[in-house]
Structure formats: structure tokens, C-alpha cells
Amino acid sequence: MTATIRSLDTRLVRVPLSRPWGPDVTELSVIETVVADSDGATGYGFSWTPTIGAASVQAMLDHDITSFAAGRAADAAELWPALWRHLHEAGGGGVTTIAMAGLDLALWDLAGRRADASVVDLVGRTQETAEVYGSGVNLHYPLEELVAQAERWVAAGYDAVKVKVGSPDLARDVERLAALRDVLGPDRRLMIDANQRWSLDQATAALEALATFDPAWIEEPLRADDLPAHAELRRRTDVPIALGENVHTRYRFAEFLDAGVVDVAQPNIVRVGGITPFREIAALAEQYGVQVAPHLLFELSGQLALTLPRPTLVEDVEDATFTALGVLADPAPVSVDGARLSFDPAPGLGLRFA
């Protein structure tokens, strides 16, 4: 007989960033979730958001999600679609799916602990390791500090790095990428991320100017939900387009993939609602021959990267992983060895917050 969900408890953890992502992003919010089933087994998961929305996410977990999930089968794949249908009038994505991830991840963790298997083994391991790239939320860094960061990445052995663009003055971005390319040399990959700062015409002009630095991809060049603009940008530039951190459902991913406007799909495992929908998005991307590179959340994304059908890149934001921020109760199952992901299996997600 399948165990049912007996309880779901949450705890909000505010995590100060040692290197702020900007004047208005000085901390991350983690909502730890603990699910218990009718057999007495326990699973640990989390929701996550930088600065904004944590109280709303926790409230949805404590009220709407807990009341719906209580007494239902403690099975993530079975529960997810029914829960989404129940909640989606409050919004198909955003707070809704971020909150859903808290329960979904806890249920996957519970299943792994029951089976004494890692979530990598539950989903199905396909890769022995993955390449890790250096990343930074650094548009506000002075040039000297940005160069010093790039020098640290080179010293650490990274062959691929990502930096922010989208300065009000395009000449500033040109100057910064020129300095970075000097540090990186011609062979390391340089990805750039505009975080939705450009209009279509601004993106066109910027990519014409920045193409000389051979960007491996441009991430979020436009407003994330503007599919027609992405289609037009695809016609205007040959620079590969990466997007997905602010695309919250498999249905929206399907629209972008079908339009042929995405070269690298970047679902954020929490923002899409957890491992259950992440797997669907990854399978959909594979049908279109599009690489999946999970967004942020190194300790979680690194594990799921090992379950993808093709090799991928895992993002390591300097000083901003859970490990670097010191918020985990135990060592994470994934770490960086040179520029490669190292995996030490632990039951379930292997992630508990201190």
C-alpha cells in the first residue's frame, strides 16, 4: 500500500550573500520543507528565491499546498500535475511553481531515503561527470574587480566562464569584454548574460558589437516572455541564444523550443516546480536537439546534470553556492574538482540546511 503524506513543515532561512548581486540583492531566501509520510519516513526539500517573494512562497506551502497534499500518495510524479491544476488559478508559474518545488523536492528526497539511493540513481545516471563553468553576478563590479574575478577562474582551471552585460552605455560592455578576452585567451569559452535588459533593437546593436569577442551564448537578451521578439532576434544574429531561468512551465518551454529560438535551455529546477517538471522539460529539449544547462542551484543542478542524455555545463556562481555560503548541515554530494563535477552519492538529495 502506497504511503500517504501526513505533514509538511516549512522553515524560512535568510542567507546573506558575501558578495551582493547588487544594491537590492544582498541575500538569498531558502524555504526548507520537511515532508513526513504515513509510514513515518521523512524527506527534506526546499524552495528558493533571491530576495523577493519568500514570504509568499512559504504562505502557499503552509496553506494551499499542505491542505491539498495531506492524505494523498507520497509520490512526486503522481501528485505534481494534480497539485498544479489545483493551484494554477493563483498563477501558472512564479510563486506557484517555486512553492510546488518545495514539496516536489522533499518527496524525491523521501523516495531516495526509502530506497537508500541518490536522486541521481532514482532518475537514472547517464553521465559520469560534467563540466563546471565560472559565473558571476558582476555587472556592477569595477573593471579591475571583474578582471581579478576572471583571473581567479583561469587559475582555478575553468575553460568556460559567464559574465553580465547590459550596461547603459554599450561602450562599457565592449571595454569589459575586451579586458576579459585578454585574460581568458582565445580558446576559453566566454558566455554573456544580459538578464533581460535589452529591447530588440538594443540587443541587435549590442550583439553586433560584442560578437567580436566570440560569445559562446547570449543569455536572456530580451524580456523572458517576449517570444515574438526572440524570433526576430534569431533572424538578426548568429550568436547562440540561451534562456529559461524565467520560463516557469513545460508549456512555455515548448513554445520557445517549437519556435526555434533557443540553443541552450536553462530551466531553474526550483522555478519550474521541482525535479518532476524539470525531467519533462529536459526530455522535450532533447526532442528538439537542444542542450539543457540547468540554471543556478549548483548542489541540485549538478546532480540533475548527471541524469541528462548529453553532456552539459553546470554553473558555479562565485561565492554563492550553498556550500560557499555555509548553509548546509553536511557536505553536499557534489563539488568541483578542477573544472569538473565530482559526485559522492548520498540518499535522496543529500541536502539539509543548518
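A pocket, as the word is used in these legends, is an open set of points on a 1 Å grid, with protein on both sides within 12 Å along at least five of seven lines. The model shown in every view is a predicted one.

**View 1. The second largest pocket, lined in part by helices H2 and H3.** About 210 Å³ of space lies in this second largest pocket, and 14 residues form its lining. Nearest its centre lie Ala74, Asp75, Ala76, Leu107 and Ala111. Helix H2, which covers residues 76-87, and helix H3 each supply at least two residues of the lining, and H3 gives the most, with five residues. Sorted by class, the lining of the second largest pocket holds nine nonpolar residues, one polar residue and four charged residues.

**View 2. The open sheet of three strands, in the order E1-E2-E3.** The pairing within this sheet is antiparallel. Strand E1 (5-16) and strand E3 (42-49) stand at the edges with a single partner strand each, so one side of each of these two strands is left without a neighbour in the sheet. From one strand to the next, the twist averages 20°. Strands of a sheet pair through backbone hydrogen bonds, in either a parallel or an antiparallel sense. Here, eleven bridges join E1 in the antiparallel sense to strand E2, which is made up of residues 27-37. As one example to look for in this view, serine 7 has alanine 36 of E2 as its bridge partner.

**View 3. Helices H1 and H3 against the strands E1, E2 and E3.** Helix H1, formed by residues 54-69, lies across E1, E2 and E3 and runs at about 175° to E1. Helix H3, formed by residues 95-115, packs on the sheet as well, where it touches E1, E2 and E3, and its direction makes about 150° with that of E3.

**View 4. The salt bridge between arginine 114 and aspartate 37.** The structure holds 23 salt bridges, and in the one between arginine 114 and aspartate 37 the closest N and O atoms are 2.7 Å apart. Arginine 114 lies in helix H3 whereas aspartate 37 lies in strand E2, so the pair ties together parts that are 77 residues apart in sequence.

**View 5. The largest pocket, with a volume of about 510 Å³.** This pocket is lined by 26 residues, and the closest to its centre are Trp21, Val25, Pro50, Val137 and Asn195. Strand E5 (160-164) and strand E11 (313-317) each contribute at least two residues to the lining of the largest pocket.

**View 6. The largest cavity, with helix H11 and strand E11 in its lining.** Rolling a probe the size of a water molecule over the atoms shows where empty space is left. In this structure there are six cavities of 30 Å³ or more, and about 110 Å³ of space lies in the largest cavity. The lining of the largest cavity consists of 13 residues, with Leu296, Leu297, Phe298, Ala320 and Thr321 lying nearest its centre. At least two lining residues come from helix H11 (298-305) and at least two from E11, while E11 gives the most, with three residues. By class, nine residues of this lining are nonpolar, one is polar and three are charged.

Conventions:
Residues numbered from 1 in each chain as written. Predicted model: local features only at pLDDT ≥ 70, side-chain atom pairs only at ≥ 80, totals over all residues. Heavy atoms only, no water. Pairing = 2+ DSSP bridges. Helix = DSSP H or I, 4+ residues; strand = E, 2+ residues; numbered from the N terminus. Axes fitted to C-alpha atoms, helices over the stretch in contact; angles between N-to-C directions. Contact = heavy atoms within 4.5 Å. 1 Å grid on protein atoms, 1.4 Å probe; cavity = no way out; pocket = protein on both sides within 12 Å on 5 of 7 lines; lining within 4 Å. Points joined across faces, edges and corners; volume = space filled by probe spheres on them. Nonpolar A, V, L, I, M, F, W, Y, C, P; charged D, E, K, R; others polar. Salt bridge = Lys/Arg side-chain N within 4 Å of Asp/Glu carboxyl O.
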